[in-house]
Amino acid sequence: MTTRDPSRRNVAAGDIIIRQGEVGDRAYVLEDGRVEILVTNADGRVYSAGFRGPGHLLGEMALVDRGPRAATVRAIDDCMLTVVSEADLTRRLNDADPVLRLVMEVVLDRFRETLSQGAAAAALPSVTATPRDTRPDRQAEKPLGALERLRMAADLRDALDTGDLSLRYQPMVDIANGAIIGFEALLRWQHPRVGFISPDQFIPVAEETGMIVAVSAWVLDEACRALSRLDTAVATGGRPYMSVNFSSEDFVADRFAETVGETLAATGISAERLRLEITERVLMKEPDRAIETLRSCRDAGMSVAIDDFGTGFSSLSYLSAFPIDVLKIDRAFVDAMHASAKSLALVRSIIGIGKNLRMTVIAEGVETAAHATQLAALGCDQAQGYYYGKPLTEEEALARLRAAGPPSP
Ligand code: G
Ligand code: G
Ligand code: MN
């Protein structure tokens, strides 16, 4: 196989263009020549699924859903191909309507199923290989199929109306004295048939379908109302803040800062008590837009925390480019801090970066007194984790505040 330029490729007769099972990073438009599509079934027998001539698109399926190639494509003649890169396709797909993208994945799944059934039928009629069996590596990476995710998104929409969503509030404390200074609102979904579904599972689905905007609006409203109820019940002096997680889809939506401001006004919570938790990913997606949104939120009095800090792959320069108030050290570093000198060095460095940039540093996943002592010695300001309290129901949060007594003057 020889490459003339990045977007054209010549292939000699007999050469393999795409190999079944491999993960591909490009599709091809067949400009000249003919190819044969070959499918190997679970027994290793090969059958021909047909021929393609000029004008056909080859290998697009794996690019759309990042699955392994469903078939082998072999050149019959000398062929000329135009290369469609993954980067190009990904960019186009990202611009597509999210539901359309999901529908496309469902169609691809069905097509793969048909292909593999064809293979079974051609070689060994009694074999009933399921398409998933041929793609073991997708199971771990993408546990839910496209159809399941579509269904989950619809269920999530129902959950917003039926009250199956609820919040837990995890205490955030001043590491010097353990006093509660705020809570992080964490979403819980009790599905009527499936039972508890973790946010790690449904948040990505909400993000890809655009549902996240409605979900986040619900979370923000409920968290503010809860904070207001806590103020009334325990005379908090209007002190504790509420930390709420937002996704990039929220953040680039029109009028984000205004919408949040309206919710604050409607629930009687001052902007100074709202902390927006976002990940580095949010900032990287549309940096110009993100900066603008952050500025508006900051101007209104809200503060901004970078969640899971240290796990992203973005450059440190964004820390000075974006208006950020708080760094949250990811719990993986805290967890490894005592076993690994390197993790400890990373924790120390993150705290140093935060201090030098005049940011507040909060450690996540603080599970033991030893963690807390170590972090305090390193100059960490605040902490959150099972040592101080798991995510609590509103009643439990209320009890914790009551037990702590009135806020010190
Ligand atoms: O407790 P825990 O299992 O709640 O949360 C798992 C992950 O889900 C965390 O990374 C957390 O940031 C995220 N998460 C929890 N609640 C919300 C929410 O309301 N909105 C968003 N976008 N993410 C959330
Ligand atoms: O990524 P984010 O910080 O938004 O999510 C917080 C997640 O961490 C939630 O799933 C929460 O339940 C979990 N969590 C909170 N405290 C601890 C802790 O001390 N140890 C561990 N392992 N997880 C924690
Ligand atoms: Mn968080």
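A salt bridge is a side-chain nitrogen of Lys or Arg within 4 Å of a carboxyl oxygen of Asp or Glu. Keep that in mind as you look at this structure, which is a predicted model. Lys328 and Glu277 make such a pair, with their closest N and O atoms 2.8 Å apart.

Glu184, Glu277, Lys328 and Glu364 are joined in a network of salt bridges.

The manganese ion (ligand 3) is held by Glu184 (OE), Asn245 (OD1), Glu277 (OE) and Asp307 (OD), at 2.2 to 2.4 Å. Along the chain, these donors follow the spacing E-x60-N-x31-E-x29-D. Asn245 sits in strand β13 (residues 241–245) and Asp307 in strand β15, so this pair ties together parts that are 62 residues apart in sequence. Asn245 is partly exposed, at 28% relative accessible area, whereas Asp307, at 8%, counts as buried.

Stay in strand β15 for a moment, where you will also find Asp308. Most residues other than glycine have a negative phi. Asp308 is not a glycine, yet its phi is positive, about 50°. With a relative accessible area of 27%, Asp308 is partly exposed. Arg255 is another residue that is not a glycine but has a positive phi, here about 60°. You can find Arg255 in the loop between α8 and α9, and at 47% relative accessibility it counts as partly exposed.

Now turn to helix α11, which covers residues 287–300. Its 14 residues reach 20 Å from the first C-alpha to the last, close to the 20 Å expected at 1.5 Å a residue. Which residues of α11 are buried? They are Ala290, Ile291, Thr293, Leu294 and Cys297. These buried residues pack against several elements, including the helices α8 (248–251), α9 (256–267) and α10 (280–285) and the strands β14 (274–278) and β15 (303–309). Beyond the end of the helix, α11 is followed by Gly301, whose phi is positive, near 110°.

Let us return to salt bridges, of which the whole structure has 22. One of them joins Arg74 and Glu36, whose closest N and O atoms are 3.5 Å apart. Here too, distant parts of the chain are linked: Arg74 is in strand β8 (residues 72–75) and Glu36 in strand β5 (residues 35–40), 38 residues apart. Arg74 is partly exposed, at 30% relative accessible area, while Glu36 counts as buried at 11%. Another salt bridge connects Glu286 with Arg289, with the closest N and O atoms 3.7 Å apart. Both ends of this one are partly exposed: Glu286 has 35% relative accessibility and Arg289 has 30%.

Val99, Val103 and Val107 make a nonpolar surface patch of about 220 Å². Val107 is found in helix α3 (residues 98–123) and is partly exposed, with a relative accessible area of 48%.

Key: Residues are numbered from 1 along each chain as its sequence is written. Chains are lettered from A and ligands numbered from 1 in the order in which they are written. This is a predicted model: local features need pLDDT of at least 70, side-chain atom pairs count only at pLDDT 80 or more; totals for chains, interfaces and linings use all residues. Side-chain values use heavy atoms; hydrogens and water are left out. Patches are made of residues with over 30% relative accessible area and no salt bridge: like charges are joined within 9 Å, nonpolar side chains (Val, Leu, Ile, Met, Phe, Trp, Tyr) within 5 Å. Accessible areas come from the Shrake-Rupley method with a 1.4 Å probe; for residues, only the protein chains shown count as cover. Helices (H or I, at least four residues) and strands (E, at least two) are DSSP runs, numbered from the N terminus. Buried means under 20% relative accessible area, exposed over 50%, partly exposed in between (1.4 Å probe, protein chains only). The expected span of a helix is 1.5 Å times one less than its number of residues. Contact means heavy atoms within 4.5 Å. Donors are N, O and S atoms within 2.8 Å of the metal (3.2 Å for Na, K and Ca); water is not among the atoms, so sites may look incomplete.
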